[in-house]
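Good morning, colleagues. Please have the sequence and the model open as we proceed.

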Amino acid sequence: MAKRVLVVDDEPNIVMSLRFLMEREGFEVEVAPTGEAALEALEKAPADLVLLDVMMPRLDGFEVCQRIRGNPLWVDTKIVMLTAKGREVERDKGLALGADEYVTKPFSTRDLVARVKEMLGGA
């Protein structure tokens, strides 16, 4: 069974690119344009990995990460935070809240795909 990746980003071009990359690698992909939609999607069907933008309206990626980590049903869900905020303090905050990886934009798509595959056991 294909591993499930949830792409959480409010930027349509980034969503389209990430969806294409993940589907090309054989992952089942769901998209959530907001933090609230991401949490609702996880309630319906937990993901193996979440690609999570930090800067989103209302519920930002840090808050979503914290809520994912606070739910025992999602303890095994991997979280990769994607952001233009590359300062060390933001990176440290993301990792402290439970993110498994913190990737700054712009990023190498090849590197991101390799990281995702590695985190999901070479899926």
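This is a predicted model: local features need pLDDT of at least 70, side-chain atom pairs count only at pLDDT 80 or more; totals for chains, interfaces and linings use all residues.

Asp10 sits in the loop that joins strand E1 to helix H1. Is Asp10 buried, exposed or partly exposed? Its relative accessible area is 35%, and because buried means under 20% and exposed means over 50%, Asp10 counts as partly exposed. Setting aside the residues within four places in sequence, Asp10 is in contact with Pro33, Asp53, Met55, Met56 and Pro57. Pro46, by comparison, is 36 residues away from Asp10 in sequence, and their C-alpha atoms are 20 Å apart in space.

Let us turn to the elements around that loop. E1 covers residues 4-8 and strand E2 covers residues 28-32; the two pair in the parallel sense, over 5 bridges. Together with helix H1, residues 12-24, these strands make a right-handed β-α-β unit.

Within E1 we find Arg4, and opposite Arg4, in E2, stands Glu28. How accessible is Arg4? Arg4 has a relative accessible area of 8%; that is under 20%, so Arg4 is classed as buried. Its contacts, not counting residues up to four places away in sequence, are Glu28, Glu30, Ala41, Ala45, Pro46, Ala47, Asp48 and Leu49.

I now move to a pair of helices. Two packed helices are described by the angle between their axes and the distance between those axes. For helix H2, residues 35-44, and helix H3, residues 61-69, the angle is about 20 degrees and the axes are 9 Å apart. Angles under 35 degrees count as roughly parallel, and H2 and H3 are therefore roughly parallel to each other. The crossing of H2 past H3 is right-handed. Which residues meet there? From H2 they are Gly35, Ala38, Leu39 and Leu42, and from H3 they are Val64, Arg67 and Ile68.

Arg115 belongs to helix H5, which spans residues 109-119. With a relative accessible area of 34%, Arg115 is partly exposed. Leaving out residues up to four places away in sequence, Arg115 touches Glu101, Tyr102 and Val103. The separation between Arg115 and Glu101 is 14 residues in sequence and 8.7 Å in space, C-alpha to C-alpha.

Thank you for your attention.

Terms used: Residues are numbered from 1 along each chain as its sequence is written. Side-chain values use heavy atoms; hydrogens and water are left out. Two strands pair if DSSP finds at least two bridges between them. Helices (H or I, at least four residues) and strands (E, at least two) are DSSP runs, numbered from the N terminus. A crossover is right-handed if, with the strands pointing away from the viewer, the path from the first strand over the helix to the second runs clockwise. Buried means under 20% relative accessible area, exposed over 50%, partly exposed in between (1.4 Å probe, protein chains only). Contact means heavy atoms within 4.5 Å. Axes are lines fitted to C-alpha atoms, for helices over the stretch in contact, and angles run from 0 to 180 degrees between N-to-C directions. Angles under 35 degrees count as roughly parallel, over 145 as roughly antiparallel, 65 to 115 as roughly perpendicular and the rest as oblique. A crossing is left-handed if the near helix is turned anticlockwise from the far one by less than a right angle, and right-handed if clockwise.
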